[in-house]
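Please walk me through this fold.

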Amino acid sequence: MAKVIELDDVTKTYWMGENCVNALQGVTFSVDEGEFVSIMGPSGSGKSTCMNMIGCLDRPTSGKILISGKNTAQMNEKELSVLRNKTIGFVFQQYHLLPTMNVLENVMLPLRYQGIPRHLRKEIALEALESVELSNRILHHPSELSGGQKQRVAIARAMVTKPKIILADEPTGALDSSTGKAVLELFYKINESGTTIVIVTHDVGIGNSARRCIRILDGKVAADEAVAETKARTTVADEAVATTKARTTAADEAVAAKTAVADEAVAAGGARLTGGRRKKGEGAC
Ligand SMILES: Nc1ncnc2c1ncn2[C@@H]1O[C@H](COP(=O)(O)OP(=O)(O)O)[C@@H](O)[C@H]1O
Ligand SMILES: [Mg+2]
């Protein structure tokens, strides 16, 4: 099976003035095409940072990241933007839909960057919305939707480009129990059609479809294990939604802003990939 994600000794250090945080300290793992992988670990352990690296939303301090066999270190920001748009779909805890656009427009948006004509964009987006059972809400704006509906729109937006990989960072964290279960079921369904899913959860187990769990602790892979297949999917879904409703961190916000806005900016002429909080440091801290 082809590897779609490869991380080799990846580190990430954030600098805040004189202080630094070693958010990732030598993370190595790979994910095969079609896998359903869960990344778990306590708050602050580096899960979102790891996702940002996989999603090419930020560059590592050191180490190598290959997406679909391509070494991302050798790509400029425009090339990374194209890679993201074509290969990766993102889902965040706080949905990050554009409030001024209706449901259909939100889902059509990623297709615009691929130069697909408008009538086709609409057709493809309608199909994606049908698969998340939201055909009856296409003209609503995000503020007129429930949390679960917003997340389903976000999932439709993530899958509309038929990406190889979907990255979901605590997608059920803001949802009630049964809504969270329904959202997880959608991920299982998408995975069954061959899409690789990497899902970050706060303290969740993984089930039938998520047969592998990578545990991150203090920026390192503490365990990378197969999950017993006997574990029922429903149990997992219950655990997922029981997860503490972790507050979105400033870092999460920053990243979300990047996917929605930076791609547009890059497409429009090359904005910087990362925000201003980062300062390159030298040596260990
Ligand atoms: N943009 C950033 N600037 C500075 N520190 C950050 C930034 N993003 C994350 N961190 C720090 O890196 C560590 C890992 O954060 P994060 O990856 O968000 O953890 P998790 O998603 O597991 O809760 C935390 O100590 C956090 O405060
Ligand atoms: Mg996080």
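R121 counts as buried, because it has 21 C-beta neighbours inside 10 Å. The cut-offs: buried means 20 or more other C-beta atoms within 10 Å of a residue's own, exposed means 12 or fewer, partly exposed lies in between, and C-beta atoms are placed from the backbone. This is a predicted model, in which local features need pLDDT of at least 70 and side-chain atom pairs count only at pLDDT 80 or more, while totals for chains, interfaces and linings use all residues. Residues are numbered from 1 along each chain as its sequence is written, and chains are lettered from A and ligands numbered from 1 in the order written.

R121 sits in helix 4. Helices here are DSSP runs of H or I with at least four residues, numbered from the N terminus. Leaving out residues up to four places away in sequence, R121 touches M108, L111, R112 and I116. Contact means C-beta atoms, placed from the backbone, within 7 Å. L104 is 17 residues from R121 along the chain, and their C-alpha atoms are 9.7 Å apart.

Two packed helices are described by the angle and the distance between their axes. Helix 3 (residues 103-112) and helix 4 (residues 118-131) have axes that come within 9 Å and cross at roughly 120°. Axes are lines fitted to C-alpha atoms, for helices over the stretch in contact, with angles from 0 to 180 degrees between N-to-C directions. The two helices are therefore oblique to each other. Angles under 35 degrees count as roughly parallel, over 145 as roughly antiparallel, 65 to 115 as roughly perpendicular, and the rest as oblique. From helix 3 come V103, L104, V107, M108, L111 and R112; they meet R121, K122, I124, A125, A128 and L129 of helix 4. These residues divide into 9 nonpolar, no polar and 3 charged. Nonpolar covers Ala, Val, Leu, Ile, Met, Phe, Trp, Tyr, Cys and Pro; charged covers Asp, Glu, Lys and Arg; the others, Gly among them, are polar.

Helix 5 and helix 6 (residues 177-192) also have axes within 9 Å, crossing at roughly 15°. That makes helix 5 roughly parallel to helix 6. Helix 5 brings G147, G148, Q151, R152, I155 and M159, and helix 6 brings T179, A182, V183, L186 and I190.

Finally, the core. The largest nonpolar core has 62 residues, and V107, L129, A156, I166, L167 and V198 touch the most other members. Helix 5 (residues 147-159) gives the largest share, 6 residues. Such a core joins buried Ala, Val, Leu, Ile, Met, Phe, Trp, Tyr and Cys residues through C-beta atoms within 7 Å. Beyond its neighbours within four places in sequence, V198 contacts V31, V37, I39, I54, I165 and L167.

Methods. Two residues are in contact if their C-beta atoms, placed from the backbone, lie within 7 Å.
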